[in-house]
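Here is a short briefing to read alongside your model. Have the sequence and the 3D view open as you go.

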Amino acid sequence: MDEDFLRISKMFDATRSVVRVPKLDPKFKIAVLASKQEHCLIDLLHSWQDGRLPVDITRVISNHDRFPNTHVVRFLERNSIPYHYLGTSKENNREDEILDLVQNTDFLVLARYMQLLSGKFLQRYRKDIINIHHGLLPSFKGGHPSKQAFDAGVKLIGATSHFVTEELDAGPIIEQMVERVSHRDNIQSFVQKSENLEKQCLAKAIKSYCELRVLPNEENRTVVF
């Protein structure tokens with residue numbers, strides 16, 4: 001087997017080979033970064049608890065302070081998952097502290113974390129970061145894409161999970177999902193459908209990544225088996 005894999009690696013100029021046996025190998029260690037909106041975070045926590053995601057959530061980091069008796073904080077305390085509130089400002093994005101907290105993780109998940117990570121942070125972390133965008137990229141980038149899409153009268157809404165790069169919402173796409181909407185939807189039902197897509201899309205992207213089914217292809221694309 002060693003000779004066969006060596007021959008294949010030379011054929012494709014492969015610099016790294018990873019073989020995992022899910023039932024035997026340790027789960028991927030991740031940290032989840034989140035802001036005020038909790039639907040993606042809560043879905044990830046329950047998926048982890050039910051064993052539907054092959055990860056160990058080592059900690060949750062947020063720039064939004066949560067009171068002790070909230071659902072998220074109680075869940076984290078019951079499951080011994082540390083919660084770190086790091087309030088950010090224009091003068092201090094707290095990236096040094098975040099880096100200290102995530103050194104031993106395999107990758108990061110941004111579960112609606114509404115704070116840009118700088119290029120310096122990405123260069124220092126040097127591992128993959130998966131983000132969920134509440135819109136069908138490349139349309140409706142930036143803030144409030146659901147409101148943008150609703151005002152534009154779109155008939156299809158979507159969610160996009162992608163790798164984080166220095167360019168905002170422009171990293172290689174891992175997963176996208178869509179759902180039809182119509183004039184019958186108000187902004188509340190529109191947003192509810194959008195949030196459901198975000199949860200499903202992010203969970204599927206994480207699962208595909210952990211199963212090693214996401215491969216880089218060319219400069220800014222992926223192949224997902």
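This is a predicted model: local features need pLDDT of at least 70, side-chain atom pairs count only at pLDDT 80 or more; totals for chains, interfaces and linings use all residues.

Residues are numbered from 1 along each chain as its sequence is written, and side-chain values use heavy atoms, with hydrogens and water left out.

**The sheet**
- Seven strands form an open sheet with mixed pairing, in the order β3-β2-β1-β4-β5-β6-β7.
- Strands here are DSSP runs (E, at least two residues), as are helices (H or I, at least four), numbered from the N terminus; two strands pair if DSSP finds at least two bridges between them.
- β3 (83-85) and β7 (173-180) are the edge strands, each with a single partner, so one side of each has no neighbour in the sheet.
- Strands β1 (residues 28-34) and β4 (residues 107-111) run parallel and are joined by five bridges, with A31 opposite L108 in β4.

**Helix α2**
- After α2 comes G51, with a positive phi near 75°.

**Nonpolar cores**
- A nonpolar core is a set of buried Ala, Val, Leu, Ile, Met, Phe, Trp, Tyr and Cys residues joined through side-chain atoms within 4.5 Å.
- The largest has 38 residues, and V55, I57, F107, L202 and I206 have the most contacts inside it.
- Helix α7 supplies the largest share of this core, eight residues.
- A second, separate core of 15 residues includes L86 and Y125.

Note on methods. Buried means under 20% relative accessible area, exposed over 50%, partly exposed in between (1.4 Å probe, protein chains only).
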